[in-house]
Amino acid sequence: MRLDAATIRRGCPNCDIKGFRHLCGAELDHFRTAAAAGGALTVACTQQAAQFADEAGERPDAISFVNIRETAGWSRDGARAGAKMAALLASAAVPLPDYPLVTLSSEGVVLIYGRDEAAIEAGRLLADHLDVTVMLKQLDDTVPPAATVFPIVKGTIRSAKGHFGAFKLAIDDYARPRPSSRDRYVLDAPRSGVTSRCDIVLDVSGGMPLFPAHELRDGYLRADPNDPAAVLRTVLTARDLVGSFDKPRYVDVTPGLCAHSRSNRTGCHRCLDLCPTGAITPDGDHVAIDPNICAGCGQCAAACPTGAASYALPPADTQLQRIRAMLLTYHEAGGTNAVLLFHDSPHGTSLIDALARHGDGLPANVLPFAVNELTQLGLEAIVGAFAYGVSAVRFLLRARPRHDVTGLSQTIGMAEAILDGLGFEGRRAATIETDDPDALGEHLADIGALAAVVTPATFKTVGKRRDLLRFGLSELHRLAPKPVDVIVLPPGAPIGAISVDISGCTLCLSCVSACPTGALRDDPERPMLKFVEDACVQCGLCQSICPESVISLKPQIDFRAARAPAAIIKEEEPALCVRCGTAFGVKSTIDRVAAKLEGRHWMYPAGDKRLEALRMCADCRVIVMSEQQFDPFKGVPERTPPRTTDDYLRQRDGKD
């Protein structure tokens, strides 16, 4: 491939760019010299990354690698891909922070669950490596072996939970065969509700998966019993699952920011609805994420309106910094009409490689951006990309995704509403769902030229997703072709306002005490309900907790909200204590309660001075009650005492 070194230098003006023809061979000494010099070093070759890492000696972690061959140079447009190469180099130079790990341990206890001889054969293959138990749904036609190498039992798994190294299975119709079985198994009496624990589950039963999104459950291996090759691959995978294994702690939760629940009322449940593995569960007023089960799809963090759930591979601000570096460098190098192609490594990278080796390759304006999971991308990434000058964004998905991608679809829907509202015409954000590299090339070729912002934004922010989103939206609004003040968003958006039927609002302020972000506020001096739209995350707690049911959510973006003061929703005259004059409540509410009780309740006869106690503050009410020696039980209408068991027994025995 040809290297346009001049264009690359123009995009990376502060870098020392050097080109070679055989850096991993005859020119390897040049790499050794650069590695020994210290400082940040990027090598534009991933094919020989292992060799370069070995040659780097004690500082392999200080070197980053980027592929500019399959992603740029090997293309029909390769001669015009200099700006893209500069962008890829700039993005790779942004350092990625370390992420925490979770250690899972397995002692090699495996339960093989099947229906026929295929499960027993899998047990034979694993018997020398793991502690094997085979459980079949039926044992009627199975011939007992001459020697018992591993247990073979009968049972049906009713439910399964847990994770790699700690599975817990509930089994029905469980029965062990008798050692005296001759030509066929003779079973003990079956039992239900049996619990089995194991480190690994190998499922060749041919039935429904035992777990949701089963492909994401570590330690749960499943194969079609009618496909011997698939069963063998699964057996070979299981054989190595002994020992301790590290996996990323993909998501971190800050309970204090969570808007899931208050006072036993449920508010936000976005993450619970989106988690494909069931790793998220309610835990009091917030949610808890089991890192042993979490598979890292990131939909919870992408949808979390408060930033309570944050993704670590990488954090949202680091990801946006990489997008910024890529797009600004592309613009500086003279690139135009940029299309940002988000993809994952297992599927997307393979598809891009195949297109480069056997097809036309990626167009020169298509910038590939690899992420751990496409569903980890939030609205802030799309908004930021368009503010930085991208023309279109595409998400490369499998034709049949491994898990539900509803969260990503919702994010794209919100992004399209924002972009359309700001005058970005055409299909700006969409998915490409294919396993065919040629189909990928056709999709990208059909995007066409779409206008981007004239002058890209250059902001660089750090912090939680909401902070990134808030700043990105303000910049995009500033640069938009047709900026407007308010854009209506689809239901479920994490931004918006509330609508209050003030005629039914009693200013009880339950919503204020429930609001987790301070969007709803009161006033210490007088009965008042105020609202700060910029702080509202549309969690729905106010709507859920309102006793009068007068609050509803309005998902929208008001670009003026960031600079607007708190809006007064309702204000009333305070109730003043008739004894000391202290404000202690809402006058209309006190008047309404007094009117309902006077003459209609035995404690408050019409014209009685007791009624004045309702119009006093708490302190004065106690003083007056004490001075008047008020007896709250005086005048209570007599009631027939309730009948007890003893009363019925005496009546039965004729003693009453």
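A salt bridge here is a side-chain nitrogen of Lys or Arg within 4 Å of a carboxyl oxygen of Asp or Glu. By that rule, the side chains of Glu70 and Arg357 form one, at 2.9 Å from N to O. Glu70 sits in helix α4 (residues 69–73) and Arg357 in helix α11 (residues 345–358), so the pair links distant parts of the chain, 287 residues apart. Helices (H or I, at least four residues) and strands (E, at least two) are DSSP runs, numbered from the N terminus.

Some ground rules. This is a predicted model, in which local features need pLDDT of at least 70 and side-chain atom pairs count only at pLDDT 80 or more, while totals for chains, interfaces and linings use all residues. Residues are numbered from 1 along each chain as its sequence is written, and side-chain values use heavy atoms, with hydrogens and water left out.

Back to that pair. Buried means under 20% relative accessible area, exposed over 50%, and partly exposed in between, with a 1.4 Å probe and protein chains only. Glu70 is buried, at 4%, whereas Arg357 is partly exposed, at 47%.

The whole structure has 27 salt bridges. Another joins Arg615 and Asp591, at 2.7 Å from N to O. Arg615 lies in the loop between α18 (587–597) and α19 (618–627), and Asp591 in helix α18, 24 residues away. Both count as partly exposed: Arg615 at 29%, Asp591 at 28%. Glu572 and Lys570 also pair, at 3.2 Å; Glu572 is buried at 17% and Lys570 is buried at 11%.

Now the interior. A nonpolar core is a set of buried Ala, Val, Leu, Ile, Met, Phe, Trp, Tyr and Cys residues joined through side-chain atoms within 4.5 Å. Which members of the largest core touch the most other members? Of its 66 residues, they are Ile323, Leu340, Phe342, Phe395 and Leu476. Elements that each supply at least two residues include α10 (316–332), β18 (339–344) and α15 (465–479). Contact means heavy atoms within 4.5 Å. Beyond its neighbours within four places in sequence, Ile323 is in contact with residues including Leu340, Phe342 and Phe369.

Last, helix α15. Its expected span is 1.5 Å times one less than its number of residues, so its 15 residues should span 21 Å, and its end C-alpha atoms are 21 Å apart, in agreement. Among its buried residues are Arg465, Leu469, Gly472 and Leu476. The cover over them includes α10, α12, α13 and β26 (551–558).
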